[in-house]
Every structure is written in C-alpha cells, then in structure tokens.
Amino acid sequence: MTIKLLAIPIIAASLTFFSCGTNSEDQKNQSAEEPDSTVNIPDVALAAATDDNEISYNLPSPLQIAYVFKKSGAGFISTLPNNKANTTKYNTSNYKKAVNFGVYSADLAYCLFNKKYQESKEYLKACKDIGSYLGLDKAFESENMAQRFDKNISNDDSLIKLVSSVQMKTDIMFEENKQKHIKVLAIAGAWTESLYIACEIYTKDKNKKIQASLLEQLLLSEPIIKALKSNKNTEVEVPALIASIEKINTEFNMIPAISSAVEKDEEIDSNTISITDNEMRLMIESIKALRAEMIK
Amino acid sequence: MKTIIIPILTLTFIFILMSFQTGNILCNAKEMKEKASALLDPYKYDSSEMTKILYKTKESVKEVEVPLFIGEKYRFVFEMEALPKHVEVQIYNKDKNSKNRKLLFSSKESASDKKEFQFDVTRVRTVYVDYIVPQAEAGAYTGCAVFMLGYRLK
C-alpha cells in the first residue's frame, strides 16, 4: 500500500525532473554555441520580452514628471486633462487601455501637484477603472484607498505618499502579471499627456521656465523609444507609436540650438538654451496629434 | 489520513530538491520591492525594475538605463537577496559600450554580506546601472535583483 502511495508522486516528480534537466541542458548547449547571447528563461512569457535583454530601461513615473513640471511655475487649466467619462471608451485593445491608463495617471499627477484634490480623486477613480481592464484591481483596492484619500484630502504630503504607494503597487502588479510591455506603453501615454499639457500652457503663456521644463521632458523621448523598441512585437500598434515618437524626437533634434549642442557633444542646458516659438511649432503640432490619436 | 500525508510530504520534499537543482531562487517582486521601499525614506517612490539574472559560463553584464531630471535629488536602492551568487552593482555616467565612462558607485565599497544598498545622486541626466554577473561553475543559476528609484520633494 505504502509503495503504491509513493509510486504516484515519485513518477510525477521524475517526469518533472527530466523536463527540468532538459532545460538545463538546452541552456548549457546554447551557452556553448552562443557565448554572448542571452538564454531564455523558460517561465518568462513573450510579454516580459525585456527580461532577457542585456539592457532594460527604468522610465520616470507620471508623478515625478508632473512634479518637475510644476516647479516651472505652470498653472492649472481644467480643460487640459482628458475627459474622465471616457474610460469605458478605451476598453478595447491592450494598447488603448495601456496608453490611456498612462494618460489618466498623468492627469491625476497634474491635478495633485496643483492641489486640485477633488479632481485628483476623480482621476484616481479613472485610473482605477481603466486599471481594472488591465488586471490591476488589487493595486487600487488595498488599504481602503478611497477612504484614506478622503481622510488626507488637503494634506499634500500624505496624498502624494498615497498615490506613490498606488504607483508602486501597480508596478508590482505589472511585474507579477508579466505585463512589462503594458507598463512601457502606460509610461509612453503618461509622457505624451504631460508633454501635451506643457505644450498647451507654453503656447498660452510663452514662459521661458515652462519651455525649459518642456525641453527636459522631451529628452525622455529617446529612452522611451528604446524601451518601446525592446517590446515592439507585443502589440500591433507599437510600431506606429514608435514612429510618432521618433517624429517628435527628430523635430526636437532639428531645432538649431539642440542640433548644435548634439553636434558638439555638449550637455543640453534647457534653462539657458535659446529657442524661438517658430522653432517649437512643428514639434508641438506632432505632440498634439499623437495625444489626439491616443485619446480618440 | 496517512494516505494523504505521505504523497504530500514526498512531493513537497521533491519540489524543494528541484529548487536547488538549478540554483533557482523564487523571485518575489512584491516582497523584494516592499523591502527596498523601506530604504527610500525620506525620498518618494518613483519607479523600480526587477532584473532577471542568468549566470553564464563567463562573466556577463546586465544594464539598466535610468533617465533622470537634471538638478533633482535621487536615491537608488538595490535589493539583492534573491541572488544565489554575489553580483556586483556598478553605476556609471555612460553605457557599457562607451569609452571613458565614469564610475559613480560600486557595491564593492559595501560589506560583502550586505544584500541592500543605497546611493544618492543629483545633477546627472542619465545613469547606467550595471549588474556584474560572475561566471557560474556549472549549469545555469538564475536569480533576481531589484532596483528602486526615489526622488526628493523640496
């Protein structure tokens, strides 16, 4: 009886052992044939394509982008963020869900750093709704988030801490759900929304500090393109998104003061660099077009 | 009762053995990131990256490019406990293919048994975090390293 009882798990385990052993052998063989190539880790899905790359990218959060932008002295224009009622419209492709999760995250951050607490709460709800389409429910449901938000309303530091904590939980969920490519798309969406807000405020105010902050944000285009390229086979819309951001990056690099700094291999100092409105025009149009495409 | 316990215990034992077979250590993103976040204070959480490390038959480098906003104050935290063999962390101002790059930080400066590190930086636009993965004696070992970035609110 005991032998019979032991036989089943031992046979099952032996089979598993053999399958694991084959992986190890495969890895060794691959390692011997291609010493510099990266070996696939069997349990890593296509979705986590960046895991096996020699280089990965850690892109800034919407909160930090909004914080740096706020320091330029930019004000709040209530008509700039995306309509909160649009969330259901984006429950279509993974691309739409991901980029608009980023768009709403940027809007939340923009409201938060402008002390628009009621709007912040509404955008947090929009993030939660669209996050649920991406399987991120847990990140928003833990620790009575809504009640904590109400309790700390008008306490800047506590609210920033709360939203940062949601950000971290979201990042963990992306990791656990093998959705690193979704995270990159969300950051691309947040970056586009922050740029759009900065462009609109700059167009209205023509303020030099806002221009400098806008230029700082534009310097993120290259790492975002690289991160998207390392995930380009994950969603069908990614190549077109890369092309749109590359267009913005090319127009940015064509600005005479920028191209001159790049040619001389000099650090771009966005606070002292001289750029005319006309030189900014083309790039601003491309940013608006990309944002319009994302939220439609 | 005995009929259930014996197979369960046998399977548990076998799975424990299997986990040692290739040197794999379970990479728990939640646990590792929560541990790292405890070292961020007073900096605010910005972002994090869990890097899967595969030990090869010769030394290799896994790199994370980290764009920053110039003039902001940052804290880098590393959680390295899910690594079966010691991995050195180096932070540079240029990527691993560039000549004349400057080393800004090395975990070598910390005690060899330390599994968590932190490093503060300001006035840099991009840094490159390099994990120097030592060669493995035999077979493939895998593990994970977590890198977390915090920024300071003024």
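Predicted model: local features only at pLDDT ≥ 70, side-chain atom pairs only at ≥ 80, totals over all residues.

Burial first: I call a residue buried if 20 or more other C-beta atoms lie within 10 Å of its own, exposed if 12 or fewer, and partly exposed in between, with C-beta atoms placed from the backbone. I looked up Asn144(A), and it counts as exposed because it has 10 C-beta neighbours inside 10 Å. Asn144(A) is found in the loop between H5 and H6 of chain A. I also checked a distance: the C-alpha atoms of Asn144(A) and Ala212(A) are separated by 39 Å, and the two are 68 residues apart along the chain.

Residues are numbered from 1 along each chain as its sequence is written, while chains are lettered from A and ligands numbered from 1 in the order in which they are written.

Overall picture next. I find 13 helices and 1 strand in chain A (DSSP runs numbered from the N terminus: helices are H or I with at least four residues, strands E with at least two). Chain A has 296 residues, and 42% of them count as buried.

Then I turned to H4(A), residues 117–133. Its 17 residues reach 25 Å from first C-alpha to last, close to the 24 Å expected (1.5 Å times one less than the number of residues). Which residues of H4(A) are buried? I list Ser120(A), Tyr123(A), Leu124(A), Ala126(A), Cys127(A), Ile130(A) and Gly131(A). After H4(A) comes Gly135(A), with a positive phi near 80 degrees.

Last stop, H11(A) and H12(A). They pack at about 85 degrees with axes 5 Å apart (axes are lines fitted to C-alpha atoms over the stretch in contact, and angles run from 0 to 180 degrees between N-to-C directions). That makes H11(A) roughly perpendicular to H12(A), a label for 65 to 115 degrees; under 35 is roughly parallel, over 145 roughly antiparallel and the rest oblique. Phe252(A), Asn253(A) and Met254(A) of H11(A) meet Ile258(A), Ser259(A) and Val262(A) of H12(A).

Definitions and conventions:
Contact = placed C-beta atoms within 7 Å.
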